[in-house]
Protein chains: 2
Amino acid sequence: MPSRKKKEEPIILITNDDGVTAPGIQSLVEAVRGLGKIVVVAPDKPQSGMGHAITIGSPLRLHPVQLYEGIEAYGCTGTPVDCVKLAVDKVLHRKPDICLSGINHGANHSINVIYSGTMSAAVEAAIESIPSIGFSLLDYSIEADFTAAAHYARIITEMVLSKKQDKHLVLNVNIPAVPKDQIKGIKLCRQAYAKYQEDFLERQDPHGRRYYWLTGEFLNFDKGRDTDVWTLQNNYVSVVPVQFDLTNYVLKAKLEKSWKLDAKKR
Amino acid sequence: MPSRKKKEEPIILITNDDGVTAPGIQSLVEAVRGLGKIVVVAPDKPQSGMGHAITIGSPLRLHPVQLYEGIEAYGCTGTPVDCVKLAVDKVLHRKPDICLSGINHGANHSINVIYSGTMSAAVEAAIESIPSIGFSLLDYSIEADFTAAAHYARIITEMVLSKKQDKHLVLNVNIPAVPKDQIKGIKLCRQAYAKYQEDFLERQDPHGRRYYWLTGEFLNFDKGRDTDVWTLQNNYVSVVPVQFDLTNYVLKAKLEKSWKLDAKKR
């Protein structure tokens, strides 16, 4: 009888947008230790709010860093999305089995998914047919307590690794900033229509010229109880499955009726 | 009898990602002249591939520029998304009636919508409840011929301005790089699953250290005849209505069945 083929250890790519030395990514590495072969490729400086930016006009560099015993890790000069692309092509030389991004210092629920470097890295992996998860803790502090976030990061990573997933699977996971024993469980939900109301702070430099700082108040326009915002306010971990087909099919159908484009050539 | 109230002129905000001096934005301004009061707020340098990036860690500045007779125009030190936010809050002090972005030098069909600063500016406007349109010409050249693109930009802008639209309407319009008389018309379509296959070019600096340039081959995995890629290959102008609710509802329903989260508290 042929010997049973030993199942290969999954390769876990870890990245973030707060930078390779952030406490959040360190918590994530420790959270998933033992679930596979971990490789870290993350920005060498904070890249919050970089969204899905890529570096076109300048080259990228990778620097090996010694942060975790027994784990290959690199700082990259680019954006979170650059990190994923470069990790696949030049570090791993293959697709990892899963990509984990975070744990972000601060919320990435509702519209934040679109500005977030953490989530954009996860979405980039999913575009490349790598199942991926972005994790964010609702606490911006550098000294945030990642205990509960790390606990749920491990549980959800195990759930995703435990069976074959949709190859474009990407989950946006947020963890409320409360002690672990106050968290009621995990809920699948949808992205709330909640966003920042911009209000730039205007100042003058010593030469009398104006400059502007982005500030804003967070407003929730969405009263649904199936949203990530509601879920987090009620002390559940929120999980929003995310897509990168941005086609608005409902609006497409509406416009097809009202525009009647086939009737004439312009 | 009271006199009929004169309809106010719509305010048209114009931005892009190639920078305020790019030929593409100049073509767009001229294309829509006369349709309303135009105000230009665009990056003061190229910002291609910036996606939905916003500037958090540094302040922004606005510089008035004299580029178009009778038109208020500014260069902004930030990203395309910053331009929209700053224009609404500090230049217009109100929402414009429409936001136009482009005309981009190069394609923004298929997955490019997610990397594109042009489209991210348009999406940002839609998040702010400003109907918006991003225009891109399938020609990267600085000397591209914008005649056909400008013609269709005006037609589509008039169509959108002619009646009340969904307040979150955002259209991704691409124009094939062929002479105007070869364009067969306008088609509503969906985003193709087509993307770049990354392949970083590896070089060494004079100190023997490696660096990497992002390159890649464009691959279309989507055989549908209702996609933007098909539409453009067949010499139609492609119009994809875009959404910013990134929830993957199909995957959400699947996971609700397979995860059975309510059964236990973790």
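**Entry 1. Helix H4 of chain B.** I looked past the end of H4(B) in this predicted model and found Ser129(B) following the helix, with a positive phi near 65°. I then checked the burial of H4(B), residues 117–127: 11 of the 11 residues are buried, so the helix is largely enclosed by the rest of the structure. The buried residues include Met119(B), Val123(B) and Ile127(B), and also Ser120(B) and Glu124(B).

**Entry 2. Other positive phi values.** I recorded that most residues other than glycine have a negative phi and that most peptide bonds are trans. Ser110(A), not a glycine, has a positive phi of about 45°. I placed Ser110(A) in the loop between S5 and helix H3 (112–115) of chain A. Asn235(B) is partly exposed, with 13 other C-beta atoms within 10 Å.

**Entry 3. Cis peptide bonds.** Ile103(A) belongs to strand S5 (residues 98–105) of chain A. In chain B, the bond from Gly102(B) to Ile103(B) is cis, with omega near -10°, and Ile103(B) sits in strand S5 (residues 98–105) of that chain.

**Entry 4. Contact of the chains.** I noted 58 residues from chain B and 58 residues from chain A in the contact. On the side of chain B that touches chain A, helix H7 (residues 249–259) of chain B supplies the largest share, 5 residues. The residues of that side divide into 31 nonpolar, 11 polar and 16 charged.

Conventions. Residues numbered from 1 in each chain as written. Chains lettered and ligands numbered in written order. Predicted model: local features only at pLDDT ≥ 70, side-chain atom pairs only at ≥ 80, totals over all residues. Buried ≥ 20, exposed ≤ 12 C-beta atoms within 10 Å, placed from the backbone. Helix = DSSP H or I, 4+ residues; strand = E, 2+ residues; numbered from the N terminus. Contact = placed C-beta atoms within 7 Å. Nonpolar A, V, L, I, M, F, W, Y, C, P; charged D, E, K, R; others polar.
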